[in-house]
Amino acid sequence: MTAEATRTPTAQYMLPGIRVREYRTTVPLDWHTPDGETIELFVRELVDPASDTAERPLLTYLQGGPGGANPRPLGRDGWIDEALRDYRVVLVDQRGTGGSTPVDAEIVAERGDTGGEFLACFRADSIVRDLEHVRTSLYDGRRWATLAQSFGGWITMTYLSFAPEGLTASYVCGGVPGMPPRASEVYRRTFDRVEAKTAEFYRRYPDDEAAVARIADRLAAGDVRLPDGDVLTVRRWQSLGIDFGMKPGFERLHWLVEKAFIENDRLSPAFLQDVMTLSSSAGNPLFWTLQESIYGDEHSGPTAWAAQAEREQRAQFDETRRPLLFTGEMAFSWMFDEVRLLRGFRTAVDQLAAKTDWSPLYDRAALQSNEVPVAAVVYFDDMYVDAGLQLETLKGVGNSQYWVTNEYEHDGIGSGRTLTRLRELVRDRGGERA
């Protein structure tokens, strides 16, 4: 009988072509005070039904975000299909996400002046400790490979820094942080790329330049309400440019612009509903809340609303300028006033922006001497994560190699070919650790 068969799941069932088991386990909120408050982690395991009783190698997925939940598969496709051919796949919902103990603005607001310290417990260092707890308590300490998307790459570098003994290999898709991590440097680079992406959007759909301006002019005139009662401002409209970093982001925005007006200058209910859904943060309240804290480092000073500071130096992004420029993966202070589901985070995010006593996320000496096979795909035109910073970091990570491509945008992991190529890179240099 295998180690997996001795565990007691809380639920088990079949998806098309996938045997699913679910588990729950408890961990400390703050790993530095293990006898204090606890939270729950939700774990979902996927396996090919034909290999259910075999002791297959393990692969755990490090989801993007911060604050993104693990995939809820509808069937076997993309990287999941590729992985299930060889691995037992472990999906640990990161603390505060998915089926793990939830976090939202109301919960954080109730903590008052301790909200910032509470949120600081949801960074990559805590996530790595959670993963190690799952690996040792549910999987008898067997090593596993990691597959990381975006912010998952931040977690990977923390994992390699402090717990490499748990890993057989690390595969990273578009998520290698610059080191030392400085939010100001990240936004200095990414604003240029968002500006270029906006220009490309208007080149591709030239009539949308006037249409986007018309929408912005109507919003600037005031009193446009979203279905949840929030006022739709120009800067909130600009923030939908975050989708330009994914395919087919240009097309999604183009079709949204097409249905903006129903008559004269009245914005259509369908348009307003879609804008609310895209910008409300209902599905992932931690995304904007933790966006800059992932760069928090004891040697880098406070993050200090770095994206807002960079934007204020770039007059071309002003709400009154035409053609209107969109913004991207950038958290702004105004979001926590204007977006209903983020308002309860206001005190806590201001505390995070001023924080300087961050827990360490990386050990550069350990990364330099790393022996775990690492293969990373770096998307050359990535709008969110600067390719230059990624390559510079990878030069300082031992036993790492990379594949640079402009075939994909930031969501290239959706193609099964991406994981296939990364696995080939590791295989051709000796394979995963036993």
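Leu59 sits opposite Val89 of strand E5, and its bridge partner in strand E6 is Ala145. Helices (H or I, at least four residues) and strands (E, at least two) are DSSP runs, numbered from the N terminus. Keep in mind that this is a predicted model: local features need pLDDT of at least 70, side-chain atom pairs count only at pLDDT 80 or more, and totals for chains, interfaces and linings use all residues. Residues are numbered from 1 along each chain as its sequence is written, and side-chain values use heavy atoms, with hydrogens and water left out.

**Strand E4 and its partners**
- E4 (residues 58-62) pairs with E5 (residues 88-92) in the parallel sense over three bridges; strands pair if DSSP finds at least two bridges between them.
- To get from E4 to E5, the chain goes through helix H1 (residues 78-84), a right-handed β-α-β crossover (with the strands pointing away from the viewer, the path from the first strand over the helix to the second runs clockwise).
- With E6 (residues 144-149), E4 also pairs in the parallel sense, over five bridges.

**How covered E4 is**
- Five of the five residues in E4 are buried (under 20% relative accessible area; exposed is over 50%, partly exposed in between, with a 1.4 Å probe and protein chains only).
- Leu58, Thr60 and Leu62 are buried on one side, Leu59 and Tyr61 on the other.

**Arg182**
- Arg182 is in the loop between strand E7 (167-173) and helix H6 (183-204).
- Arg182 counts as partly exposed because its relative accessibility is 40%.
- Beyond its neighbours within four places in sequence, Arg182 touches Tyr295, His299 and Ser300 (contact means heavy atoms within 4.5 Å).
- Arg182 and Ile294 are 112 residues apart in sequence, yet 9.5 Å apart in space, C-alpha to C-alpha.
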